[in-house]
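Dear colleague,

Please find the structure below, handed over for your records.

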Amino acid sequence: MLCRDDDRTPLDELRRQLHADPLRSFKPHVTLLYDRKVISQQELAPVGWNVAEVLLIRSLIGHARHEVLARYPLA
């Protein structure tokens, strides 16, 4: 899992605008692999990629499923 713990203010504001549950835990991240192997936390060089669209996804916790609720193409 790749994540940042520093300035989350823009993401927290987006969650507020979407009326997301403020009491629910939220950690912005990118999951690269599910595995039982534990690796210690370490610093990495910044990662970048091209983005064509943004998806609003509902994660069905405990069911290992995700539902795409909306797609927003980027011009």
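Two strands are said to pair if DSSP finds at least two bridges between them. Helices (H or I, at least four residues) and strands (E, at least two) are DSSP runs, numbered from the N terminus.

The model is a predicted one, in which local features need pLDDT of at least 70 and side-chain atom pairs count only at pLDDT 80 or more, while totals for chains, interfaces and linings use all residues. Residues are numbered from 1 along each chain as its sequence is written, and side-chain values use heavy atoms, with hydrogens and water left out.

The chain contains one helix and four strands, and their order along the sequence is β-α-β-β-β. Strand E3 (residues 53–60) pairs with E4 in the antiparallel sense, over eight bridges. Leucine 60 has arginine 65 in E4 as its bridge partner. Four residues lie between the strands in the hairpin of E3 and E4, where glycine 62 adopts a positive phi near 85°.

As to confidence, the mean pLDDT (the predictor's confidence in each residue, from 0 to 100) is 77 for the chain, and 76% of the residues score at least 70. Strand E4 (residues 65–73) has the highest confidence, at 88, whereas strand E1 (residues 2–3) has the lowest, at a mean of 56.

Of the 75 residues in the chain, 5% are buried, that is, under 20% relative accessible area (1.4 Å probe, protein chains only). Among contacts (heavy atoms within 4.5 Å) with a separation of 6 or more, 27% join residues 24 or more positions apart.

Technical notes:
Buried < 20%, exposed > 50% of the residue type's maximum accessible area, 1.4 Å probe, protein only.
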